[in-house]
Amino acid sequence: MTANPQGTVDSLDFTDVLERGDTSGPKASLYVPTDVTGTQADRSAKILKNQVKHATARFEELGMSSSAAESAFAPIAELIADSSYWRLQSRGLVVFVEPGYHRAVRVPIDVIESVTVDEQFDVLPLAPVLETSGRCYILALAKNSLRLFEAARNSIEELPLGTIPGSFDEVIGDLPEQSLQFRATGGGEAAYYGQGGTGETETMLTEKFIRAVGKAVGDELGTARSQPLVLASVAEYLPIFRKASAYPVIHDRVIPGSPEHSQPDDLRSAAWKLLHDSEAARESAERERALSLVHNGKGAVDVGEIAHAAEQGRVDTLYLPRDGEQLLASDARRQVNLAALATIRISGTLRTLGGGGAEVIATFRY
């Protein structure tokens, strides 16, 4: 669990939820809009309480005894009564329940209030979190500290630096003598002199630091990565960094200013604002390529065909509209959810696309 301006965010690893597909019996998926400030805590708790009442009744309608249904939701009833829990929220809360299993996750994305009871958990509102592309790296580069993040559009996670130096001193050290050279003088003494004035020496050391970071970032992230890297730093650092780094997709603009005290979510928001135009163009081209494959018989837009292909393990990439309300209103929503679950289980790619397109598109492996 981490605390940041996105509120309190739980682990976004949903592997255990996705693996529950092989278990039998009813599964409840509850989505609750919440508020980062906690001012709507009572309202959110009341929404979840009503959802639990509805889902419990559905479990009973599906043949479960009243005591078994109440037992399944008992941990969530305890959560509803915990006032301290409701004061620490993010932008949305998702709760998954089936007999013998429950999980409540505070997520940094806006969700639409909904209750689904079915044979599979409903993961479609989590598509922006589950998608395996649509991400960027953010390098917050300041002399006193260096932080590396991976960010989706709605979430951000700090990564370990590995071999990347964490500060100016790790590269240069504290002693200014390291920047001085000497020449021999009479009597066996040495006279030290700098590389110009103090300002010039400082500039040289700073450039050495940036070059060291740039090289290490390229080595750490690898040269085969395709997701963009956005630098948060003073603008003068960018050309030095780009020249020194082998990383292939460095954005041509920086998040300006010193990022030393910037909050992660502010960096995430600023990075995606910079990337908006290039990402929109890339997504448009990606949609056109996918539709071209459909036209050539290597994909589909019919959700029934897509769901069937996903169950057979044939879906390579499943494209969903980023606007969750479009999926919520779809008559074929259950089939789309099944397709998403099956695609993830076979290590296919889940992708969300913006731009107002409402279609679901799948490209096939064979």
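Tyr 101 and Phe 121 are both buried. The model is predicted. In this model, Tyr 101 and Phe 121 belong to one aromatic cluster together with Phe 14, Tyr 31 and Phe 96.

**Aromatic pairs**

- Eight aromatic pairs are found in the structure.
- One of them joins Phe 59 to Phe 73, with 5.0 Å from centre to centre and 55° between the planes, a tilted arrangement.
- Phe 59 belongs to helix α2 (residues 41-61) and Phe 73 to helix α3 (residues 66-80), so this pair ties together parts that are 14 residues apart in sequence.
- Phe 59 is buried, at a relative accessible area of 0%, and Phe 73 is buried as well, at 2%.
- For Tyr 101 and Phe 121, the ring centres are 6.2 Å apart and the planes are at 45°, so this pair is tilted.
- Tyr 101 is part of strand β5 (residues 101-107), while Phe 121 is in the loop between β6 (114-118) and α5 (127-130), so the pair ties together parts that are 20 residues apart in sequence.

**Charges over rings**

- Phe 14, a member of the aromatic cluster, has the charged end of Arg 103 over its ring, 5.0 Å from the ring centre.
- Phe 364 has Arg 314 over its face, at 4.5 Å from the ring centre.

**The open sheet of four strands**

- Four strands make an open sheet in the order β9-β8-β7-β12, and their pairing is mixed.
- At the edges are β9 (156-159) and β12 (229-232), each of which pairs on one side only.
- From one strand to the next, the twist averages 25°.
- Strand β7 (residues 136-141) runs parallel to β12, and four bridges join them.

- Helix α9 (residues 264-295) lies across β7, β8 (146-151), β9 and β12, and runs at about 120° to β7.

- Strand β16 (residues 361-364) is covered on both faces.
- Ile 361 and Thr 363 are on one side of β16, Ala 362 and Phe 364 are on the other, and all of these residues are buried.
- The ring of Phe 364 is also the one that Arg 314 lies over.
- Strand β13 (residues 299-300) pairs with β16 in the antiparallel sense, over two bridges.
- Gly 299 has Thr 363 of β16 as its bridge partner.
- Strand β14 (residues 315-321) also pairs with β16 in the antiparallel sense, over four bridges.
- Opposite Leu 318 stands Ala 362 of β16.

**A loop residue with positive phi**

- Most residues other than glycine have a negative phi.
- Ser 347 is not a glycine, yet its phi is positive, at about 65°.
- The position of Ser 347 is in the loop between α12 (333-345) and β15 (349-353).
- Is Ser 347 buried or exposed? Ser 347 has a relative accessible area of 63%, so it is exposed.

Methods:
Residues are numbered from 1 along each chain as its sequence is written. This is a predicted model: local features need pLDDT of at least 70, side-chain atom pairs count only at pLDDT 80 or more; totals for chains, interfaces and linings use all residues. Side-chain values use heavy atoms; hydrogens and water are left out. Rings of Phe, Tyr and Trp (its six-membered ring) pair if their centres lie within 6.5 Å; planes under 30 degrees apart count as stacked, over 60 as edge-to-face and the rest as tilted. Buried means under 20% relative accessible area, exposed over 50%, partly exposed in between (1.4 Å probe, protein chains only). A charge sits over a ring if NZ of Lys or CZ of Arg is within 6 Å of the ring centre and within 35 degrees of the ring normal. Two strands pair if DSSP finds at least two bridges between them. Axes are lines fitted to C-alpha atoms, for helices over the stretch in contact, and angles run from 0 to 180 degrees between N-to-C directions. Contact means heavy atoms within 4.5 Å.
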